[in-house]
Amino acid sequence: MTQPFDAAQDLKDAPRTGGRQRPKDAATLILTRKGAKGAEVLMGRRAPGHVFMASKWVFPGGKVERSDAFAAFATDLSPADAGRLAREVTRSRGRALALAAVRETFEETGLLLAEPAPVASVAGGWREFRAVGALPDLAALSYVARAITPPGRTRRFDARFFMADASALLHPEPTAGSGELDEIAWLPLDEARAQDLPAITRFVLGEIAERLDAPNRPLPFVRMVRGQHVVEHQD
């Protein structure tokens, strides 16, 4: 069974500051593969200097950028995943979220969830991705979780979590990436659980472990309602 969301730990991860911010759309990618000890996930440790989740182990991800709304792609989201996202945002915004997950993973780890394509020169956040000769493979993604950072934090995100198998990567091992993560590693699930994780990352990690055996599980949505953390499950 997936562990309950740890609300007390979530408050420790990012204490309230009293400010009021609207959550910004963000996307995260959980890459999985079969290892010698069973399933492994790709995780990175955030550099100590970050004001948000410093030194915590996380999945690659970040906020949606303007260029994500217009970026080219090799394959589109599956009808089922596009439909789930369309309950929350427009079809184009849902695709932008998926593209952001792919782009941020490339920026932070050097890994390309993509198909080979002619080298292209484009402006904006996709410049380096297209320069290596690749286009995003959105069909490889599954939309698996959503979480909104509680109010009063230094950073607030409406984050969508996507999952993909490493077999869809153009190459299997990460590079140094942008430096936002000071360590990147494929971790067996048990080792991943033993790291210093934000509460939401630990919750989603448990969800991933369950989803590897039951891909059609209802999608969890974590948010705060009237001062209490709530986890809703959506088909």
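Which residues touch the most other members of the largest nonpolar core? Keep in mind that this is a predicted model. The core holds 38 residues, and those touching the most other members are Leu29, Leu31, Leu113, Phe129, Leu141 and Phe162. At least two residues of this core come from each of strand E1 (24-35), helix H2 (79-86), helix H3 (91-109), strand E8 (157-165) and strand E9 (181-188). H3 gives the largest share, 8 residues.

Phe129 is worth a look in your viewer. Beyond its neighbours within four places in sequence, Phe129 is in contact with Val102, Phe106, Leu112, Leu113, Ala114, Ala134, Leu135 and Pro136.

There is also a second, separate core, made of 27 residues. Among them are Met43, Phe59, Ala185 and Val204.

Now for the strand pairing, with E10 taking part in both pairs below.

| Strand pair | Sense | Bridges |
|---|---|---|
| E10 (residues 219-225) and E11 (residues 228-234) | antiparallel | 7 bridges |
| E7 (residues 142-148) and E10 | parallel | 2 bridges |

Which residues face each other in these pairs? Leu219 stands opposite Gln234 in E11, and Phe221 has Glu232 of E11 as its bridge partner.

How many residues lie between the strands in the hairpin of E10 and E11? There are 2, and in this hairpin Arg226 takes a positive phi near 50°.

Note on methods. Residues are numbered from 1 along each chain as its sequence is written. This is a predicted model: local features need pLDDT of at least 70, side-chain atom pairs count only at pLDDT 80 or more; totals for chains, interfaces and linings use all residues. Side-chain values use heavy atoms; hydrogens and water are left out. A nonpolar core is a set of buried Ala, Val, Leu, Ile, Met, Phe, Trp, Tyr and Cys residues joined through side-chain atoms within 4.5 Å. Buried means under 20% relative accessible area, exposed over 50%, partly exposed in between (1.4 Å probe, protein chains only). Helices (H or I, at least four residues) and strands (E, at least two) are DSSP runs, numbered from the N terminus. Contact means heavy atoms within 4.5 Å. Two strands pair if DSSP finds at least two bridges between them.
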